[in-house]
Amino acid sequence: MNELAKYIKESLGLDIIITTLDKQQVKSLPLYITASYYIKETTLMGRRICLLKTKGEDTYTPDMLYKQMQLVEQKTTLPTVFVFKQIASYNLKRYIRKGINFIVPMKQLFIPSLLIDVRKVSEITKKEEKVVSPLAQFLLLYHLQKEALNGFTMKELSDKLSLSYLNISRAVGSLKTFGLCEQVGGKEKQICFTAQPKELWIKALPALQSPIDKTVYTDEVLPEIGYCKSSINALSFYTELNDERKAYYAISKDEFKKLSVSTDKQYGENSIEVWKYNPIPLAEGSIIDRLSLFLIFQDNQDERIQIELQNMIEKMTW
């Protein structure tokens, strides 16, 4: 934290002393918070503030960070500020728009709770807030979990995934927009992702979304083919959480149109999730893939679910 104190001195002209937060206040915080951050405190401009310094790579989305900030502020009654080693350019504007308090020592200080904004303007991304297209997300998750797609041409991707050349081309274009891949080579361009799998996942995460387009309900049991087990059913498969008797089905839009079961928008013993992309090519057997599952639950406020999601991602072999 010496670098942080030095930065505050240089940027605001203030001398600060950083200490460990009171033990009782630390004990009041959820386990996934204490496991993810070094928890400190200081006084800035006459106000006590809580500092959350990341222990490793930041894998949380802006929405998750905002909820964590609110939770810690509620538990400690202190303005809470994240301390990051670095922030990817595509995340800066998202954090600022969310009103997330953060400091990147020697680079940027943004604490709207204290009306402080000291930053290098050149580092603020000008990209509008967007997400990659559903098919681009599918392509990325396939690359991360099923088979490396580096070196494939658009035609080869089209043939391999049984998708039209035009849709593949658009998906790759969407990934390029966010700096997640490039196209290299001569006449037949080949896809080349811009980072190693784990780093690529972290880099892409802010631009990814839940795969669920809509959810309907039914009292019936679906046929044995054309869908995957999803949500809590899948989470219990990959983690230590208990399953529910309720069935959660993930199904593509095309397969949903073929269903002959009766459905309701609000009521039913079982849930049918109609996905924005086909869950089956990404699935592990009859269970949806881990990364799509993470994206479904990433903003869930249940502490147990958040802990198990992080454990699931950490156990993945990238």
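Buried means under 20% relative accessible area, exposed over 50%, and partly exposed in between (1.4 Å probe, protein chains only). The model here is predicted: local features need pLDDT of at least 70, side-chain atom pairs count only at pLDDT 80 or more, and totals for chains, interfaces and linings use all residues. Residues are numbered from 1 along each chain as its sequence is written, and side-chain values use heavy atoms, with hydrogens and water left out.

**Exercise 1. Find which residues of helix α10 are buried, and what they pack against.**

Step 1. Locate the helix: α10 covers residues 231-238. Helices (H or I, at least four residues) and strands (E, at least two) are DSSP runs, numbered from the N terminus.

Step 2. List the buried residues: S231, I232, N233, A234, L235, S236 and Y238. That is 7 of the 8 residues in α10, so the helix is mostly covered by the definition of buried.

Step 3. Look for the neighbours, taking contact as heavy atoms within 4.5 Å. The buried residues of α10 pack against strands β11 (228-229), β12 (248-252) and β13 (270-275), and also against helices α12 (290-297) and α13 (303-314).

**Exercise 2. Work out the strand order of the sheet that contains β11, β12 and β13.**

Step 1. Trace the open sheet of 4 strands: the order is β10-β13-β12-β11, with mixed pairing. Two strands pair if DSSP finds at least two bridges between them.

Step 2. Pick out the edges. These are β10 (212-218) and β11, each pairing on one side only.

**Exercise 3. Describe the largest nonpolar core and the surroundings of W201.**

Step 1. Set the rule: a nonpolar core is a set of buried Ala, Val, Leu, Ile, Met, Phe, Trp, Tyr and Cys residues joined through side-chain atoms within 4.5 Å.

Step 2. Apply the rule. The largest core has 56 residues, and L139, L175, I191 and W201 touch the most other members. Helix α6 (residues 134-145) gives the most to this core, with 7 residues.

Step 3. Zoom in on W201. Leaving aside residues up to four places away in sequence, W201 touches L141, L144, L208, L291, F294, L295, I313 and W318.

Step 4. Look beyond this core: apart from it lies another, of 24 residues, including L52, M64, L65 and I87.
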